Amino acid sequence: MSDSESKRDEPSLGPEQPFVAHLIELRDRLMRALIAVGVAVVILALYPGPGQLYDILAQPLVANLPEGATLIATSVISPFMVPLKILLMAAFLLALPVVLYQVWAFVAPGLYSHEKRLVVPLVISSTVLFFIGVAFCYFFVFGQVFKFIQSFAPKSITAAPDIEAYLSFVLSMFLAFGLAFEVPVAVVVLARLGIVNVEKLKAFRGYFIVLAFVIAAIVTPPDVVSQLSLAIPMCLLYELGIWAARFFNNYSKAPEESLPEQTPSQD
């Protein structure tokens, strides 16, 4: 049998090799992301430390408690587990830029140039908007909400919130405000995919205002301050999303979309 015939008889590994290479690259990207989170855990564990991180997180509530009141732990392991959970959460947020870069580096080779022009700004803006939403919730909303709630507390009651309940409340509020601040990104994506256009977004404005207040009433505590603090920014961000959708539709067009249609010449 000749060499050429033996080579034809060998099975082709062409389609399998790129798949294996993608798996290896995915593994490497995940490892780098986990290493970044691990490094952030070590840094935050050394300074300021898990306990201090919880003190920082609890400061808006403690500042509005009656003098001498503190948070309590109703579970034996809560003083250990709750600060540890906050340490992991803070480490992930600190390493988030590295994690997002690894995701971007993995998917970027499969995108066209006009798709990259859309994805890069959206990834950056969605990350920034999420952090802005969390910061707005921590620095403004918590202080106003806790002050409002404590003003209704009877004098015969001493407030002593549980640390696990407070952590659950904080995480749900952070998630609600972080996702609410993603409204412009969602509007831009819907417009760019052709699901809606800018004119329809403008016509939907009144319905979105009602929807924003309904969402705020569901995901926030039953007080006026937190509901207004979530609904009003959502309405303003919707207007920002309409403006951004008009800009990105032109910025991220494919080359064939940008060219005018040519009618065939008549011979």
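The legends below describe close-up views of a predicted model.

The model is predicted, with local features requiring pLDDT of at least 70 and side-chain atom pairs counted only at pLDDT 80 or more, whereas totals for chains, interfaces and linings use all residues. Residues are numbered from 1 along each chain as its sequence is written, and side-chain values use heavy atoms, with hydrogens and water left out.

**Figure 1. Overall helical architecture of the protein.** The secondary structure comprises 11 helices and 0 strands, where helices (H or I, at least four residues) and strands (E, at least two) are DSSP runs numbered from the N terminus. Along the sequence the pattern reads α-α-α-α-α-α-α-α-α-α-α. Of the 267 residues, 34% count as buried; buried denotes under 20% relative accessible area, exposed over 50%, and partly exposed the range in between (1.4 Å probe, protein chains only).

Figure 2. The largest pocket holds about 420 Å³ of space. A pocket is defined on a 1 Å grid over the protein atoms alone, as an open set of points where a 1.4 Å probe fits, with protein on both sides within 12 Å along at least five of seven lines; lining residues have an atom within 4 Å of a point. Grid points are joined across faces, edges and corners, and the volume is the space filled by probe spheres set on the points. The lining consists of 16 residues, of which L53, I56, L57, A90 and L93 lie nearest the pocket centre. Two or more lining residues come from each of α3 (50-62), α4 (78-107) and α5 (113-150), and α5 gives the most, with 6 residues. By class, the lining contains 16 nonpolar, no polar and no charged residues; Ala, Val, Leu, Ile, Met, Phe, Trp, Tyr, Cys and Pro count as nonpolar, Asp, Glu, Lys and Arg as charged, and the others, Gly among them, as polar.

Figure 3. The 38 residues of α5 should span 56 Å at 1.5 Å a residue, in agreement with the 54 Å between its end C-alpha atoms; the expected span is 1.5 Å times one less than the number of residues. A kink of about 45° is centred on V141 in this helix, the bend at a residue being the angle between axes fitted to the seven residues ending there and the seven starting there. S126 also lies in α5 and is buried, because its relative accessible area is 19%. A polar atom of the S126 side chain lies 2.9 Å from the backbone oxygen of V123. A polar contact is a pair of N or O atoms within 3.5 Å; within protein, one must be able to donate a hydrogen and the other to accept it, and residues adjacent in sequence count only if both atoms are side-chain atoms.

**Figure 4. The cis peptide bond between Y47 and P48.** Y47 and P48 are joined by a cis peptide bond with omega of about 5°. P48 is placed in the loop between α2 (16-46) and α3. Most peptide bonds are trans.

Figure 5. V82 lies in α4 and is buried, with a relative accessible area of 1%. Its C-alpha atom is 6.5 Å from that of E164, although V82 and E164 are 82 residues apart in sequence. A95 is likewise found in α4 and is buried at 4% relative accessible area. A95 and V41 are separated by 54 residues in sequence and by 9.2 Å in space, C-alpha to C-alpha.

Figure 6. In α6 (residues 163-180), 18 residues should span 26 Å at 1.5 Å a residue, which agrees with the 25 Å between the end C-alpha atoms. Its buried residues include I163, Y166, L167, V170 and M173. At the start of α6, a side-chain oxygen of D162 reaches to within 3.2 Å of the backbone nitrogen of E164. Helix α7 (residues 183-192) is largely enclosed by the rest of the structure, because 7 of its 10 residues are buried; among them are V183, P184 and R192. G194, which follows α7, has a positive phi near 85°.

**Figure 7. The loop containing P222.** P222 lies in the loop between α9 (205-219) and α10 (224-251). P222 counts as exposed because its relative accessibility is 83%. P222 and I149 are 73 residues apart in sequence and 10.0 Å apart in space, C-alpha to C-alpha.
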